[in-house]
2 protein chains.
Amino acid sequence: MTKPLSGIKQIAQRAGVHASTVSRVLNPRTRALVSDEVAARILKIAESLRYTRNPLAVGLKTRRSFTVGVVVPDLTNPAVPPLVRAVQHTLEKEGYVTVLADADSDSNPETERAILERLRARQVDGLILATALLKSEIVTACQEWNLPFVLMNRTVSDPSVTSVVNNDVQGVHLVVDHLVQLGHRKVAYVGGPLNTSTGRARRQGFIAALKAYRLKAREELVVDCSSFTVQAGLATTRELLRTSKHSFTAIVSANDLLALGIYDALAEAGLACPDDISVTGYNDMPFADRFNPPVTTLRIDYGQMGVQASQLLLRKMRDPDAQISSVRLEPLLVVRGSTAHYGKQ
Amino acid sequence: MTKPLSGIKQIAQRAGVHASTVSRVLNPRTRALVSDEVAARILKIAESLRYTRNPLAVGLKTRRSFTVGVVVPDLTNPAVPPLVRAVQHTLEKEGYVTVLADADSDSNPETERAILERLRARQVDGLILATALLKSEIVTACQEWNLPFVLMNRTVSDPSVTSVVNNDVQGVHLVVDHLVQLGHRKVAYVGGPLNTSTGRARRQGFIAALKAYRLKAREELVVDCSSFTVQAGLATTRELLRTSKHSFTAIVSANDLLALGIYDALAEAGLACPDDISVTGYNDMPFADRFNPPVTTLRIDYGQMGVQASQLLLRKMRDPDAQISSVRLEPLLVVRGSTAHYGKQ
C-alpha cells in the first residue's frame with residue numbers, strides 16, 4: 001500500500017518542483033521569492049486539487065498563527081467600522097485574518113485585560129489597539145510578552161511605542177479659529193475621558209488655542225465626560241447648562257457622539273443650535289453631514305489611519321527589532337450647519 | 001534533573017486533584033461538571049500561575065478551534081455593529097472567539113467564496129452568516145463540509161436551513177397600513193436586491209399589502225436597487241422621479257440607507273420630505289431618529305437577533321444532528337417625521 005501524498009507533496013509532484021518551492025508559493029509572505037511563471041503554475045495546480053493551507057498546523061510549526069487581533073473601544077461608533085475595514089483589507093492581502101474585539105464603550109476596566117488574555121491565548125502574531133489608555137496595562141503586557149503591536153487613534157505617554165494618531169491639538173485649534181472668526185468670544189468645552197490621549201490632547205489644544213487669542217478658558221466652562229458617548233455628552237452638558245446658563249455662545253466638543261449629546265441637552269433646555277449656541281464635533285464620522293443640524297467637525301481620514309497602522313504592524317511582525325517611527329495624521333476642518341456667526345444670535 | 005511539570009499537572013498537584021479535573025474546570029463547556037468550590041480553587045491557582053490555555057493545541061487535540069466565523073454584508077451599515085456585538089458577547093460567555101469578516105456591501109460575488117475558504121482554513125467550529133443570497137453557494141459549501149451554520153437576518157429558499165430572520169412581509173404591511181391611514185393612495189416602492197430574502201420578501205409584502213387595500217401596485221412605481229446602500233437608493237430614486245414625476249405621494253423603501261438615498265434624490269429634485277413626499281425605511285438602525293427628517297421605519301431587535309442566532313449555533317455545534325427550528329422575529333412600526341398626512345401635501 002502506498003502512503004498517500006500530503007497536499008504539498010502532491011502539488012510538487014504535479015508541478016515538477018521541490019516541495020519547499022510549493023510552500024514558498026502558498027505563503028503570501030514568501031511568494032515573491034519564486035518566479036511569477038512558476039508561482040502561477042503551482043497556484044493553478046493547488047486550486048485544481050482544492051488545496052487549502054491549514055493555518056493551525058502551519059502556525060504550530062512556524063509559531064505563526066497568521067492572525068492579528070484588533071481591539072476597538074466601541075464598534076457602534078460609526079467612526080470605527082471604516083477603521084476596521086481598512087485594517088482588515090490591508091492585512092488580508094498579506095495572508096492575515098483579523099480577530100476583532102469590541103471593548104464595548106470602554107465600559108469595563110476588566111474588559112481590556114480579558115480581551116488581551118483571550119487574544120494571547122489564541123496566539124495572535126500581533127495586535128492593533130485602538131483602546132489604549134494613557135497609562136495602559138496592555139502596553140506593558142505586550143512588551144513583556146514580546147508581542148508586536150501598534151496603537152491606532154489613541155497613544156500612550158511612552159514615546160517609544162509605535163502609533164498612528166491624529167494631530168488632536170491642531171484639530172481643536174482649527175475649530176477655535178473658525179469660531180473666533182465667526183465672532184464667538186465665550187466658548188465652552190465638553191471633552192472626553194482624560195485617561196485617553198485623545199481626551200487629554202483635545203482639551204490641551206482647546207486651552208492653548210484660547211490663550212493664542214488672549215481669551216480666557218473659564219474653569220467652569222471646561223468640562224470632561226467619562227466616555228465618548230451620546231449619553232455622556234448629554235449628561236455633562238445638562239450640568240454645564242444648569243451651572244453656567246447663557247454665559248457662552250459656542251461649545252467645542254471632543255467627538256461627534258458627544259456633539260449629538262450636546263444637541264439633545266440644548267433641545268431639552270429650549271435652546272437652538274446654531275441660532276442660540278454653535279456646536280462643533282470631532283471625527284467627521286459617517287452620517288455627521290446628515291444630522292439636524294449637520295455637524296461642523298474635524299475630519300480624520302480613518303481609511304488612511306487603518307492602512308498605516310496595518311503597514312507598521314506588518315513591518316514590526318517581520319522585524320521585531322526594527323525602529324519604527326510613529327505617524328501623525330493632520331485633521332481637516334469641515335464646516336457645516338452647527339456653527340453660525342455670533343451676530344446671528 | 002526533574003522534568004518540569006506541565007501547566008495542568010502543576011495546577012493539579014497544588015490543588016490536590018487529578019489533572020482531568022483541572023482540564024474540565026479550565027474548559028468553560030465542562031466546568032459545570034465540577035463542584036463550584038473545587039472549580040473556584042482551581043481557577044485561583046491557575047491564575048496565580050498565570051496559566052493560559054492554548055486553544056491552538058487544544059484545537060488540534062479535540063478538533064475544535066473554539067472559533068466561530070461571523071460574515072456580515074456591510075460593517076458600515078449602523079444596523080450591523082449591534083448585531084455583531086450581541087453575537088460576540090453571547091459566544092464569548094461560552095468560551096468562543098468570533099472572527100468577523102466584512103463582505104463590503106456585497107460588492108463582489110467572489111468575496112463571499114474567498115471569505116468562506118479563509119474561515120474554513122482557520123478551522124472555525126461554526127459560522128453565522130448574515131450575507132446569504134437566496135441561491136447561496138455558501139450554504140451548499142457548508143453542508144458539504146459538515147460545518148454547523150446559522151443564517152442571520154437573511155435566509156435561503158431551502159426551509160431545512162436554520163435561520164433567525166425578521167418577518168419582512170409583515171413589516172412592509174405595517175408601513176403600508178400607516179401610509180393608507182394617512183390618506184396616501186399612490187405609493188411607490190424602492191426595494192433591495194432581489195437575490196436576497198429581505199429584498200424579495202419586502203417587495204412581496206408591499207405588493208400584497210396594496211392588494212389588500214385594493215390599490216394597484218403600478219409596475220413603473222416598483223423599482224429595485226442593486227445593493228442596500230445610500231448610493232443605490234439615490235441612483236434608483238433619481239431614475240424613478242425622472243420617469244414618474246408627481247405620480248405618487250409616498251415611497252416605501254426596503255431599508256434605512258435606501259431611505260437616506262431617497263432623501264438625497266428628493267432634495268436634488270427640489271421636493272421636500274414629508275411635505276411633498278412621505279418616505280419610510282426599514283431596520284430602525286442607530287441614528288435613524290436623528291436624520292433630517294427622522295425616519296419612519298420598522299424596528300428589528302438586532303440585539304435579540306444576534307443572541308438567538310448564537311444560541312442556535314451553540315446547539316448545532318454541540319449536536320450537529322439535532323433538528324433545530326428557525327426563528328422569526330416580529331418588526332415594530334416606529335412613526336417619525338418622514339411621513340405626514342396626505343391632506344398636508
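Seven aromatic pairs turn up over all chains of this structure, which is a predicted model. A pair of aromatic rings is described by the distance of the centres and the angle of the planes, and those two values are a handy way into the model.

Start in chain A with Tyr189(A) and Phe206(A). Their rings are stacked, at 4.9 Å centre to centre and with 25° between the planes. Tyr189(A) belongs to strand β6 (residues 187-191) of chain A, while Phe206(A) belongs to helix α9 (residues 197-212) of chain A, so this pair ties together parts that are 17 residues apart in sequence.

Now turn to chain B, where Tyr189(B) and Phe206(B) form a stacked pair with 4.9 Å between centres and 25° between planes. Here the pair links distant parts of the chain, with Tyr189(B) in strand β6 (residues 187-191) of chain B and Phe206(B) in helix α9 (residues 197-212) of chain B, 17 residues apart. Both Tyr189(B) and Phe206(B) are buried.

Next, look for a cluster with members from chains A and B: ring pairs link Phe287(A) and Phe291(A) with Phe287(B) and Phe291(B).

In chain A, Lys316(A) lies over the face of Phe149(A), 5.5 Å from the ring centre. In chain B, you can find the charged end of Arg202(B) over the ring of Tyr282(B), at 3.7 Å from its centre.

Note on methods:
Residues numbered from 1 in each chain as written. Chains lettered and ligands numbered in written order. Predicted model: local features only at pLDDT ≥ 70, side-chain atom pairs only at ≥ 80, totals over all residues. Heavy atoms only, no water. Phe/Tyr/Trp six-rings, centres within 6.5 Å; stacked < 30°, edge-to-face > 60°. Helix = DSSP H or I, 4+ residues; strand = E, 2+ residues; numbered from the N terminus. Buried < 20%, exposed > 50% of the residue type's maximum accessible area, 1.4 Å probe, protein only. Lys NZ or Arg CZ within 6 Å of the ring centre and 35° of its normal.
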